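Here is a short report for a reader who is new to this structure. Keep the sequence and the 3D view at hand while reading.

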Amino acid sequence: MTELVTLNHGAGGEETGKLIAFVRECLGTAAPLDDAFVFTPTGKSALTTDGFVVTPRFFPGGDIGKLAVCGTANDLACLGARLRHLALALIIEEGLPFAELGRALRSLGETARACGAAVVTGDCKVVGRGQADGLYLVTTGYGEVECSVRRPLSAGDAIIITGSAGDHGMAILTRRAGLRLDSDIASDCAVLWPLVELAVRAGAVKFARDATRGGVAAVLNEMAREQACAIVVDDGLLPVRANVRAACAMLGFDPWHIANEGKMIMAVAAADADQVLAALRGHELGREAAVIGQVRAGESGRVTLATPAGSERLLLPVSGEQLPRIC
Amino acid sequence: MPALEAAVTRIAAAAGDRRLAVMEVCGTHTHALGKSGLRARLAPHLKLVSGPGCPVCVTDDGYLQVVVSAAERGLAIVTFGDMLRVPGPRGSLAEARARGARVEVVYSPLDAVALAQREPRQRFLFLAVGFETTAPGIAAAVTRAPANLFFLCGFKRIMPALEALFGTEPRPAIDGLLLPGHVSAIIGADAYRDFSAHSRMPCVIGGFTPAGMAQALADLAERIARNDCTVGNAYRAVVSAAGNCKALALLDEVLRPADAAWRGLGAIPLSGYELADRYRARALAAVMPDLDPPPAAARSTACRCGEVLAGRLDPRGCPLFGKDCTPASPQGACMVSSEGSCAAAFLYGE
């Protein structure tokens with residue numbers, strides 16, 4: 001193979017055939033990756049789609065390929081569905097090294113296999129220099145619904161986070177800011193289906209969503225709005241790694257608003273909170289699971305935070321890009 | 001938090017049945033007080049009023065107008081992130097970027113040097129905005145700047161602003177000042193002595209943790225109660241009496257005090273910095289002399305950031321607050337900046 005992907009590779013014909021063969025080999029699939037994948041659904045199913053444009057494309061803890069599977073799988077897991085089939089579209093900027101493309105796709109393939117899923121159909125496009133940022137991945141995920149995780153919330157329901165907040169976002173932001181830290185922050189990028197399965201078996205899970213863009217605060221506000229309830233959380237209860245906290249302080253960010261790629265927020269019936277917590281903590285992805293607050297009676301859509309100073313304030317979603325502060 | 005609780009008790013005792021008015025000069029304090037919930041907790045005893053210590057908020061429209069013009073003439077703009085969304089007379093930098101201008105956000109001014117070195121054929125403009133906290137880092141960048149890197153000075157100096165605010169009638173109804181921790185780390189606690197004495201203003205320098213701020217405010221409340229118009233230092237781990245001599249020497253070498261226009265406070269003599277003669281070639285004016293900032297004339301908008309910055313208007317008193325003006329659609333700098341009083345009031349409101 002030539003070193004770099006060129007427009008020829010996207011033009012159809014022999015070069016495109018070589019690109020597709022390369023993609024299949026890196027994904028580690030014997031499937032033909034035809035125009036379409038024919039199958040018979042076994043029961044209630046779920047469909048999701050997602051785009052992946054992260055830079056840098058490779059970071060401690062993950063890469064764009066791994067993220068593509070985790071993000072898709074987690075969107076399905078939020079609704080009680082296990083990812084089975086992935087449709088994958090690649091948009092490649094002319095000049096992307098094949099070595100980089102291969103590395104991302106091998107990671108994608110490995111991550112898919114590890115959670116029992118496979119890429120079954122796909123598409124490749126190559127665009128001119130400057131028309132995409134290296135590599136964009138677009139996925140459609142098909143999953144089988146195995147449990148229900150959406151029920152009306154009531155006052156007293158516990159709000160649980162499955163682990164430490166802010167790892168992924170700070171891994172990316174510290175890289176972008178060129179900050180070299182003694183302990184590199186690693187992304188928490190992971191497929192969360194096993195945690196959802198464990199939680200649902202242990203108790204009544206009434207809401208689940210992964211805390212991606214906008215962080216925990218965004219999910220809490222969505223939950224409060226969609227479920228027409230009020231939520232209170234405690235600043236002192238959010239698990240945050242020391243290096244993430246330090247990086248947040250340096251750049252002027254708040255862990256409540258930083259993206260995660262391997263953390264679920266769940267609302268669980270009060271009586272079941274202890275069992276669900278124990279079940280989560282029994283899994284390597286959920287060791288640091290913690291109750292961070294509860295649903296309470298009050299103004300619908302309102303999320304408040306109990307502060308270190310002993311008062312309460314609003315916890316609003318952040319608006320706009322997260323930008324490092326001046327001083 | 002025992003240290004915090006002890007400090008709150010001291011504040012309550014010192015205030016008695018009065019409600020003391022304290023100005024927190026620094027924008028980072030404004031946000032830290034809101035975020036930690038300390039502002040709400042202390043509300044029965046302290047009315048905390050935000051001051052003009054937000055470098056982005058006090059950057060006036062004229063500055064942004066010059067920047068957008070420079071971008072349109074092909075200069076790549078290099079800036080701290082906060083400046084990106086400030087609304088200006090010709091739109092914000094983010095909007096200019098969407099229209100095709102090149103705008104790079106950096107964390108450190110030295111990143112601008114690295115950028116300029118990597119692309120010698122491109123001219124870069126660094127937005128030199130900040131108080132004395134940030135100025136030394138920018139000064140260091142100036143000394144290392146290659147020929148294709150220019151600076152547009154928008155620095156502000158804290159002492160002239162305090163003198164202007166409390167030296168003109170009507171004087172804001174403030175009993176004491178919580179002084180900025182990081183500016184003080186550079187200029188030193190002694191820098192405020194004369195001001196505190198002749199303005200009859202008790203002052204305490206504070207850090208930024210909830211307990212640290214509470215302790216600084218306790219010290220300040222006690223000074224107010226005994227009419228002690230001197231400067232206390234509750235941030236000794238970082239702030240010395242003389243300040244950071246190396247940083248001050250760098251400022252002396254690279255910059256010199258110059259008149260500056262502040263949003264809200266107007267033009268204040270010698271309240272900013274410009275490049276010293278030796279470094280004049282690095283100023284934007286050296287290559288685009290026609291891009292002079294227009295006189296500090298306000299845009300005709302309903303934005304009342306100016307009064308907020310001078311401590312004369314509570315953000316909630318602005319008719320635009322929370323309606324036309326929110327962090328998602330900011331009408332003025334105070335709502336955009338991560339140090340802005342209006343943003344803090346909106347985000348951390350009870």
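Predicted model: local features only at pLDDT ≥ 70, side-chain atom pairs only at ≥ 80, totals over all residues.

Begin with the open sheet of chain B. Five strands make it up, in the order S2-S1-S7-S8-S9, and their pairing is parallel. S2 (46–53) and S9 (231–233) of chain B stand at the edges. Each has a single partner strand, so one side of each is left without a neighbour in the sheet. On average, neighbouring strands here are turned by 25° against each other, direction ignored.

In chain B, strand S8 (residues 203–205) runs parallel to S9, and three bridges join the two. At one position, B:Ile205 faces B:Asn233 of S9(B).

Which helices pack on this sheet? Helix H2 (residues 27–35) of chain B is one of them. H2(B) touches strand S1 (20–26), S2 and strand S7 (176–179) of chain B. The direction of H2(B) makes about 120° with that of S1(B). Helix H11 (residues 210–225) of chain B also packs on the sheet. H11(B) touches S1, S2, S7, S8 and S9 of chain B. Its direction makes about 165° with that of S8(B).

**Where the chains meet**

The size of an interface is often given as the accessible area lost when the parts come together. Chain B and chain A bury about 2,300 Å² between them. Carbon and sulfur atoms account for 61% of that area. On the chain B side, 35 residues are in contact with 24 residues of chain A.

How many salt bridges link chain B and chain A? The count is zero. Polar contacts do occur between the two chains: five residue pairs, with both residues at pLDDT 80 or more. On chain B, H2, helix H3 (38–42) and helix H16 (341–348) each supply at least two residues of the side that touches chain A. By class, that side of chain B has 17 nonpolar, 10 polar and eight charged residues.

**Salt bridges**

Side chains of opposite charge can pair when their charged atoms come close. Over all chains, the whole structure holds 36 salt bridges. One of the pairs is in chain A: the side chains of A:Glu226 and A:Arg209 meet at 3.0 Å, N to O. This pair links distant parts of the chain, 17 residues apart. A:Glu226 belongs to helix H6 (residues 215–226) of chain A, and A:Arg209 to strand S8 (residues 205–210) of chain A.

**Strand pairs in chain A**

Strands of a sheet pair through backbone hydrogen bonds, either parallel or antiparallel. Strand S4 (residues 81–93) of chain A pairs with S6 (residues 135–145) of chain A and with S5 (residues 118–127) of chain A.

| Strand pair | Sense | Bridges |
|---|---|---|
| S4(A) and S6(A) | antiparallel | 11 bridges |
| S4(A) and S5(A) | parallel | nine bridges |

In the pair with S5(A), A:Ala89 has A:Asp123 as its bridge partner.

**Backbone details in chain A**

Most residues other than glycine have a negative phi, and most peptide bonds are trans. Two spots in chain A deserve a look. The peptide bond from A:Thr55 to A:Pro56 is cis, with omega near -5°. A:Pro56 lies in the loop between strand S1 (45–52) and strand S2 (58–59) of chain A. A:Ala228 has a positive phi, near 50°, and is not a glycine. A:Ala228 sits in the loop between H6 and strand S9 (230–234) of chain A.

Conventions: Residues numbered from 1 in each chain as written. Chains lettered and ligands numbered in written order. Heavy atoms only, no water. Pairing = 2+ DSSP bridges. Helix = DSSP H or I, 4+ residues; strand = E, 2+ residues; numbered from the N terminus. Axes fitted to C-alpha atoms, helices over the stretch in contact; angles between N-to-C directions. Contact = heavy atoms within 4.5 Å. Buried area = accessible area lost by both parts, 1.4 Å probe. Salt bridge = Lys/Arg side-chain N within 4 Å of Asp/Glu carboxyl O. Polar contact = N/O pair within 3.5 Å; in protein donor to acceptor, adjacent residues only side chain to side chain. Nonpolar A, V, L, I, M, F, W, Y, C, P; charged D, E, K, R; others polar.
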